[in-house]
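Please work through the exercises below with the sequence and the structure at hand. Each task is followed by a worked solution.

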Amino acid sequence: MCPALTSGTPEGLRCPHDPDQEPTGPRADAADLLKDTDLTGQTAVVTGAPSGLGVETVHALLGAGARVIMPVRDTARGEEVARELAQATGNSDVHVLHLDLSSLKSVRQAAGEILALAPQIRMLINNAGVMATPHGQTADGFETQFGTNHLGHFQLIRLLMPALLAAAPARVVSLSSSAHRLSDDIRWDDPNFRATPYDPWQAYGQSKTANALFAAELNRRYADQGVTANAVHPGGIMTGLQKHLPEGEAQRRGWIDENGVPNPAFKTPAQGASTSVWAATAPELDGVGGLFLEDLQQSTPLDEASPSPLFGYKPHALDADSARRLWTLSEELIDQTGK
């Protein structure tokens with residue numbers, strides 16, 4: 001953890017670490033961050049848990065004694081991972097249920113099952129997502145990435161809010177990405193790319209902008225009731241998220257070399273999960289929300305004169321007016337479906 005940080009002072013919130021010093025540097029493994037933390041009696045919900053960052057997030061939380069609920073699309077895989085993590089951590093208090101974020105019907109059913117299991121939720125980590133998918137629609141007619149990454153999680157949180165409020169102080173962690181830079185804002189008149197040509201990266205960037213704006217507005221609405229929210233960029237990590245990339249694109253982008261070895265700037269999944277875990281548990285973040293976090297610290301606005309490829313966010317990701325507008329738009333889009 002970062003004991004030098006001061007709770008409740010979001011300006012300049014950062015972890016004064018040696019970048020190469022474990023376990024508090026930006027390449028710390030998530031489980032190492034919690035090795036001296038006791039989360040016994042606390043319930044966490046982690047979406048997208050059967051692979052990549054989700055596995056490492058659940059591993060860290062279980063290892064610290066938390067009860068973890070894993071809403072997953074593939075329940076067979078989820079049960080397998082849950083068994084493996086229970087054995088590895090010695091904590092069998094892990095529960096798997098079905099959730100398809102691309103279906104509002106599934107979201108509602110999953111939320112009901114989660115509430116039955118956990119009337120109080122201390123941590124909710126919106127980890128699941130898809131990236132650069134072919135043009136398509138969710139079961140409810142939304143563009144796949146906007147509908148899955150944002151609207152599915154938005155509705156899940158709305159339905160689980162009673163349990164978060166009951167557990168207050170509670171935290172929501174919304175995984176964004178540096179890809180929010182690919183979209184200067186939400187396509188307010190056409191978020192589902194119905195009238196304009198589809199671009200998978202612009203659509204992904206829009207969904208990641210939405211994830212950050214959602215956290216900002218949720219925090220504005222509920223922080224005074226004890227539920228805070230922050231957006232997290234986990235860093236560059238090669239996981240199953242890249243499965244929709246055309247063959248060779250990861251290499252052309254410099255993410256892997258000709259032998260498939262990830263760029264040294266990329267993190268491992270265990271390292272990538274660390275900021276999510278920090279955001280969900282760190283004492284120095286008690287009562288602190290509405291931030292964009294990365295590398296175990298508060299991020300800073302991107303310097304347009306000399307943009308860093310690895311650190312910093314564009315201000316549109318936390319714009320208060322856009323955050324309010326997106327919340328209203330999201331409610332309208334979901335309510336129109338009757339689900």
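The exercises that follow concern a predicted model.

**Exercise 1.** Locate T138 and determine whether T138 is buried or exposed.

*Solution.* Begin with the position in the chain: T138 lies in the loop that joins β4 (123–126) to α5 (144–167). Next, consider the relative accessible area of T138, which is 9%. Buried means under 20%, so T138 is buried. Finally, list the surroundings: when neighbours within four places in sequence are set aside, T138 contacts S102, E143, T144, G147 and T148.

**Exercise 2.** Classify the aromatic pair formed by F154 and W327.

*Solution.* The whole structure contains six aromatic pairs. For F154 and W327, the ring centres are 4.9 Å apart and the planes meet at 75°. Planes over 60 degrees apart count as edge-to-face, and therefore this pair is edge-to-face. Then place the two residues: F154 belongs to helix α5 and W327 to helix α10 (residues 320–337), so that the pair links distant parts of the chain, 173 residues apart. Both F154 and W327 are buried.

**Exercise 3.** Describe the pair W201 and Y204 and its place in helix α6.

*Solution.* The rings of W201 and Y204 are 6.2 Å apart, centre to centre, with 80° between the planes, and the pair is edge-to-face. Both residues belong to helix α6 (residues 200–222); because they are three residues apart there, about one helical turn separates them. As to accessibility, W201 is buried at 14%, and Y204 is buried at 5%.

How values were computed. Residues numbered from 1 in each chain as written. Predicted model: local features only at pLDDT ≥ 70, side-chain atom pairs only at ≥ 80, totals over all residues. Heavy atoms only, no water. Helix = DSSP H or I, 4+ residues; strand = E, 2+ residues; numbered from the N terminus. Buried < 20%, exposed > 50% of the residue type's maximum accessible area, 1.4 Å probe, protein only. Contact = heavy atoms within 4.5 Å. Phe/Tyr/Trp six-rings, centres within 6.5 Å; stacked < 30°, edge-to-face > 60°.
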